[in-house]
Amino acid sequence: LSEYIDQNLKTESKSKKLLNLIFFVSIISYIIYSTGLLLIIKDFPVLMIYPLFILMGCISYLYDYPKIYVLDKLLFKIPIINKYIIRKFLSSLSLLNKSGIPLLECFEITKYEINNLYFRNHLNYVKNKINQGGLISESFSKLNIKPLQLINMIRIGEETGELMYMLAQLENIYSENINKSLKEIKEKIIL
């Protein structure tokens, strides 16, 4: 069963990455077309090399695990993507725990919901630390998440025994932050 799940995850991951690649290339094409860069590229044929490098990088992203890990680590440092990944994690974790699944199993199931390999590997680390008797907040502090609100609220939840309530509150906070950030980005694009 575990081999089937791993194979299914690899196939699903490649198909998601292929869709992301198509989306990324279409956005780049739209930007090049809408900003008039196409006219500049015609005048300077040397600039045709840059889209080829981007395409080659995207294709290598599909098939090379170490590059995917490095790219996912860089993507995790972008605040809006960081918030989205953490919100997805918090949502899955609190939903699974509310349904009566033990915390360690929740971490195991939730890590397969996360597409970012960097964060997924860190969830493995957190799960192992919890299994050894460590605190979740100490394990997440190794991730260097800024701001420290996530770590502090998890620590408070562990100390008071209301961890699941704190995770639900964190999910709401991250959802609001994502919506606010997306509105700001949309306003900046419109202007």
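Me: In which helix does F89 lie?

Reply: Look at helix α5, which covers residues 79–98; F89 is part of it. A helix here is a DSSP run of H or I with at least four residues, a strand is a run of E with at least two, and both are numbered from the N terminus. Please keep in mind that this is a predicted model: local features need pLDDT of at least 70, side-chain atom pairs count only at pLDDT 80 or more, and totals for chains, interfaces and linings use all residues. Residues are numbered from 1 along each chain as its sequence is written, and side-chain values use heavy atoms, with hydrogens and water left out.

Me: Is F89 buried or exposed?

Reply: The idea is to look at relative accessible area: under 20% is buried, over 50% is exposed, and partly exposed is in between, using a 1.4 Å probe and protein chains only. F89 has a relative accessible area of 1%, so it is buried.

Me: Which residues is F89 in contact with, leaving aside its neighbours within four places in sequence?

Reply: A contact means heavy atoms within 4.5 Å. With those neighbours set aside, F89 has contacts with F107, T110, I114, F119, L123 and F140. Take F119 from that list: it is 30 residues from F89 along the chain, and the two C-alpha atoms are separated by 9.5 Å.

Me: Let me step back to the whole chain. How many helices and strands does the protein chain have?

Reply: There are 10 helices and 0 strands. Read from the N terminus, the order of elements is α-α-α-α-α-α-α-α-α-α. Of the 191 residues in the protein chain, 28% are buried. Among contacts with a separation of 6 or more, 51% are between residues 24 or more positions apart.

Me: How do the axes of α6 and α7 cross?

Reply: An axis is a line fitted to C-alpha atoms, for helices over the stretch in contact, and the angle runs from 0 to 180 degrees between N-to-C directions. The axes of α6 and α7 come within 10 Å and cross at roughly 170°. Angles under 35 degrees count as roughly parallel, over 145 as roughly antiparallel, 65 to 115 as roughly perpendicular, and the rest as oblique. The two helices, α6 and α7, are therefore roughly antiparallel. On the α6 side, L104, F107, E108 and K111 make the contact, while α7 brings R120, L123, N124, V126, K127, I130 and N131.

Me: How many salt bridges are there?

Reply: A salt bridge pairs a side-chain nitrogen of Lys or Arg with a carboxyl oxygen of Asp or Glu within 4 Å. By that rule the count is 2. One joins the side chains of E108 and K111, at 3.3 Å from N to O. Those residues are 3 apart in helix α6 (residues 103–111), so about one helical turn separates them. The other joins K127 to E108, with the closest N and O atoms 2.7 Å apart. K127 is in helix α7 (residues 117–131) and E108 in helix α6, so this pair ties together parts that are 19 residues apart in sequence. Together, E108, K111 and K127 are linked in a network of salt bridges.
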